[in-house]
Amino acid sequence: MNYSIQKIAPFDTYPVRHLVLRFGKPIETCHFNGDDLLTTHHFGYYLNGTLVGVISLFEIGNDHFSKQKSYQIRGMAVLSSHQKQGIGEALVQKAEDFCLSQNATLIWFNARTSAVGFYEKMGYVTIGSEFEITDVGPHFLMYKAVTKK
Ligand SMILES: CC(C)(COP(=O)(O)OP(=O)(O)OC[C@H]1O[C@@H](n2cnc3c(N)ncnc32)[C@H](O)[C@@H]1OP(=O)(O)O)[C@@H](O)C(=O)NCCC(=O)NCCS
């Protein structure tokens with residue numbers, strides 16, 4: 001097995017976002033506002049040359065937290081055929097390493113309720129109550145302070 005995590009272009013994320021996060025919806029729904037900003041970064045997990053997982057980092061704060069350099073994780077997705085093999089964890093680890101390299105101190109995101117347990121295993125915590133994102137479903141706000149180990 002040959003794998004690597006690489007920086008990818010926004011549109012490279014679409015096939016995986018589409019299958020995992022926007023299945024049955026128009027491909028245009030795979031474009032997120034801010035995808036093309038220079039401050040937004042996308043990473044892909046390649047297994048034997050095939051893209052099987054993606055994660056995106058948007059440099060943006062959240063009113064729930066004090067002003068600090070923060071990134072929001074969006075578009076976190078691993079193909080269903082490749083889930084539960086450590087790929088998601090490797091992508092989040094990559095995101096954390098990247099945030100540290102940019103001197104960011106906080107990662108936050110709106111987690112699908114079904115994925116909360118995954119993030120909790122990596123030390124993220126929920127804040128507040130569950131809320132609904134239209135057309136997507138129930139979510140929790142989650143965060144973690146990123147620090148050098
Ligand atoms: C959530 C998701 C990104 C996790 O990726 P993954 O590659 O399957 O996760 P990993 O294999 O790296 O899992 C790491 C650990 O979390 C656990 N885990 C994975 N998904 C989980 C979930 N949904 N709930 C609870 N625990 C989970 C794994 O069992 C593993 O535990 P272990 O270390 O004790 O064995 C992936 O399942 C996915 O794309 N789901 C659909 C889309 C989605 O929900 N994206 C997140 C939107 S916020």
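Modeller: What follows goes through the salt bridges pair by pair, then turns to the annotated domain. Keep in mind that this is a predicted model. A search of the whole structure finds two salt bridges.

Start with R17 and D35. Their closest N and O atoms are 2.8 Å apart. R17 sits in helix 1, residues 14-20. D35 sits in the loop between helix 1 and strand 2, which covers 41-47. Buried or exposed, what are R17 and D35? Both are buried.

Now take E96 and K144. This pair also forms a salt bridge, with the closest N and O atoms 3.0 Å apart. E96 belongs to helix 2, residues 87-101. K144 belongs to strand 7, residues 137-145. The pair links distant parts of the chain, 48 residues apart. E96 has a relative accessible area of 7%. K144 has a relative accessible area of 18%. The cut-off for buried is under 20%, so E96 counts as buried, and so does K144.

Last, the annotation. UniProt lists residues 3-147 as "domain: N-acetyltransferase", in an unreviewed entry. Over residues 3-147, the chain is 19% helix and 39% strand. The end C-alpha atoms of that stretch are 26 Å apart.

How values were computed
Residues numbered from 1 in each chain as written. Predicted model: local features only at pLDDT ≥ 70, side-chain atom pairs only at ≥ 80, totals over all residues. Heavy atoms only, no water. Salt bridge = Lys/Arg side-chain N within 4 Å of Asp/Glu carboxyl O. Helix = DSSP H or I, 4+ residues; strand = E, 2+ residues; numbered from the N terminus. Buried < 20%, exposed > 50% of the residue type's maximum accessible area, 1.4 Å probe, protein only. UniProt positions renumbered as here; feature names shortened; annotations may be inferred.
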